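Could you look this model over with me?

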Amino acid sequence: MTDTTDDRSTRLRTGLRRRHMTMLAIGGAVGAGLFVGSGAVIGTAGPAAVVSYAAAGVLVLCVLRALGEMVVARPVAGSLAEYARMALGPFAGFTIGWLYWYLYVILVGAEATAGAAILAGWIDLPQWFLAAALLVVMTAVNLVSVRSFGEFEFWFASIKVAAILVFLVLGVLWVAGLWPHSPGGLDVLTGHGGFAPNGVKAIFTAIVAVMFAFGGTEIVTVAAAESDEPGRAVAKATGNVLYRVALFYVLSILLVVSILPWNDAKVLTSPFVSALDRLDVPAAGTVMQAVILTAVLSVLNSAIYVSSRMLYVLTRDGDAPAGLVRLNRRGVPVRAILLGTVAAWAAVIASYASPDQVFKFLMNSIGVVLAFVYLAIMFSQLRLRARLQREDPGSLTYRMWLYPYLSWLVIAALLAVLVSMALMHAQRSQLIASLVSLAVVAACYPLRVRFGRKPPVTAPSTPVATPDREAP
């Protein structure tokens, strides 16, 4: 069969502007895990959780920098799978692509379920109905156009950023003693067993959990091929992740443990709401629930987008049924979006039918997938960097720091995380379930070779998006 990747009906169009790309990076870095999941991290490491967040943030930043180098040099849709294909071969591209698609399809179902649980407190309707409604609405947003997706994500991220900035201002006023009834100072930070009450080991234990909280920062590179200025937009967005991590995660967590004792039961369950309650902020719980819902919808919106683009790439490369590659007149892969949404229903149904068995296994099976993806990114960067230096050094305008030493150091750190999970009883089930998902996807590759519509080939090194003529 003739490859049709040059046909306009199968090529993505640009529609994301620089402000969309910037907010995509922020939206990926700041999810519901910051507002809710940070309580468990604080419970593990105490105030030293700020060190865990900083260390994990630096690790993910290095991965993003390596990915950004490849995106700027060779912007392609579905970059994660494509670079694995270019550097490591078609088996790696197939495996990483399907693993990443599976990750975000399950995430779509999980976020729809989480959003429904929040809405159920305000709307007297069955949670399964609310989850279905959220899926329908956010799928419709993605079906309109890539610009529609970008606009929704821009405003979702803006709400999250505004909420965090307000919290930071209030927290600083409290610590500085400028808030009513505030004692001021940082005594709470060290007054309950010290800065690291559970020892240094707890800090590293928390890093394992925190690293995956940053999952989503790579979305901006997946969207690069649909950006008006892929190279410049990605370079700017990934370059600014460092201060976002420092500002939104490290400083906000530092303020939480400076306002309330780290071992306060309320901090462990809802750290931000508890801190705002301590400041006597009116309706703090309701406001934060609304912000958390926004964060959930942001992830849901992005997950639908990412899963569809990854499936589009798999289809284009012959790793999925050919019919899914077709786009509508607005350049949207409608079939890929709908298939991902339908598949996400499996997770939604499991969350209500078998929450403690099937749904728990599904969530565990994606728990470490990002680590596998990050390792593939780093190995791909090492191979492609060496190739580009020989064949096209002018394309390396955005470079990984301290190449190749830092790249190998990041790989060693990622492997250390996986080994640590194997040694930790609480994390071992996630590692095993994720290894099962990796093994299942890898085992499907011989079937793709035998029955695929075309032989596996190395990915193209040219962009696959075309200009959106309707864009102003």
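1. Ground rules. This is a predicted model, so to speak of local features I ask for pLDDT of at least 70, side-chain atom pairs count only at pLDDT 80 or more, and totals for chains, interfaces and linings use all residues. Residues are numbered from 1 along each chain as its sequence is written, and side-chain values use heavy atoms, with hydrogens and water left out.

2. Confidence. The protein chain has a mean pLDDT (the predictor's confidence in each residue, from 0 to 100) of 85, and 89% of its residues reach 70 or more. Helix α18 comes out highest, at 95, while strand β2 (residues 465-466) is lowest, at a mean of 46. Over residues 461-472 the pLDDT is below 50, though the model gives this stretch 34 contacts beyond near neighbours in sequence; contact means heavy atoms within 4.5 Å. Residues 1-7 also stay under 50, with eight contacts beyond four places in sequence.

3. Overall make-up. I get 21 helices and two strands for the protein chain, taking helices (H or I, at least four residues) and strands (E, at least two) as DSSP runs numbered from the N terminus. Of the 472 residues, 57% are buried; buried means under 20% relative accessible area, exposed over 50%, and partly exposed in between, with a 1.4 Å probe and protein chains only. Among contacts between residues at least 6 apart in sequence, 80% join residues at least 24 apart.

4. The largest pocket. Its volume is about 1,400 Å³. A pocket here is an open set of points on a 1 Å grid over the protein atoms alone, with protein on both sides within 12 Å along at least five of seven lines, and lining residues have an atom within 4 Å of a point. Grid points are joined across faces, edges and corners, and a volume is the space filled by probe spheres set on the points. The lining has 47 residues, and G33, E111, F212, A213 and M363 are the closest to the centre. Helix α2 gives the largest share, nine residues; other elements that give two or more include α5 (90-119), α15 (284-316) and α20 (425-443). By class the lining has 27 nonpolar, 17 polar and three charged residues. For these classes, Ala, Val, Leu, Ile, Met, Phe, Trp, Tyr, Cys and Pro count as nonpolar, Asp, Glu, Lys and Arg as charged, and the others, Gly among them, as polar.

5. The second largest pocket. About 400 Å³ of space lies here, lined by 20 residues, with F204, I207, A416, V417 and S420 nearest the centre. The lining is made of 17 nonpolar, two polar and one charged residues.

6. Cavities. Two cavities of 30 Å³ or more turn up, a cavity being a set of points where a 1.4 Å probe fits but cannot get out. Helices α3 (49-73), α4 (79-88) and α18 (369-391) each supply at least two of its lining residues, among them L67, Y83 and I377. Its lining has eight nonpolar, two polar and no charged residues.

7. E69. Which side chains does E69 meet in polar contacts? The partners include Q381 at 3.1 Å and R385 at 2.6 Å; a polar contact is a pair of N or O atoms within 3.5 Å, and within protein one must be able to donate a hydrogen and the other to accept it, while residues adjacent in sequence count only if both atoms are side-chain atoms. E69 is found in α3 and is buried, with a relative accessible area of 2%. Leaving aside neighbours within four places in sequence, E69 also touches L396, Y398, R399 and M400.

8. S258. This serine lies in α12 (residues 241-259) and is buried, at 3% relative accessible area. The side chain of S258 reaches the backbone oxygen of L254 at 2.7 Å. Beyond four places in sequence, S258 is in contact with W174, V175, L186, V188 and L189.

9. R232. Buried or exposed? R232, in α11 (residues 230-239), is exposed, with a relative accessible area of 53%. R232 and Y398 are 166 residues apart in sequence and 9.4 Å apart in space, C-alpha to C-alpha.
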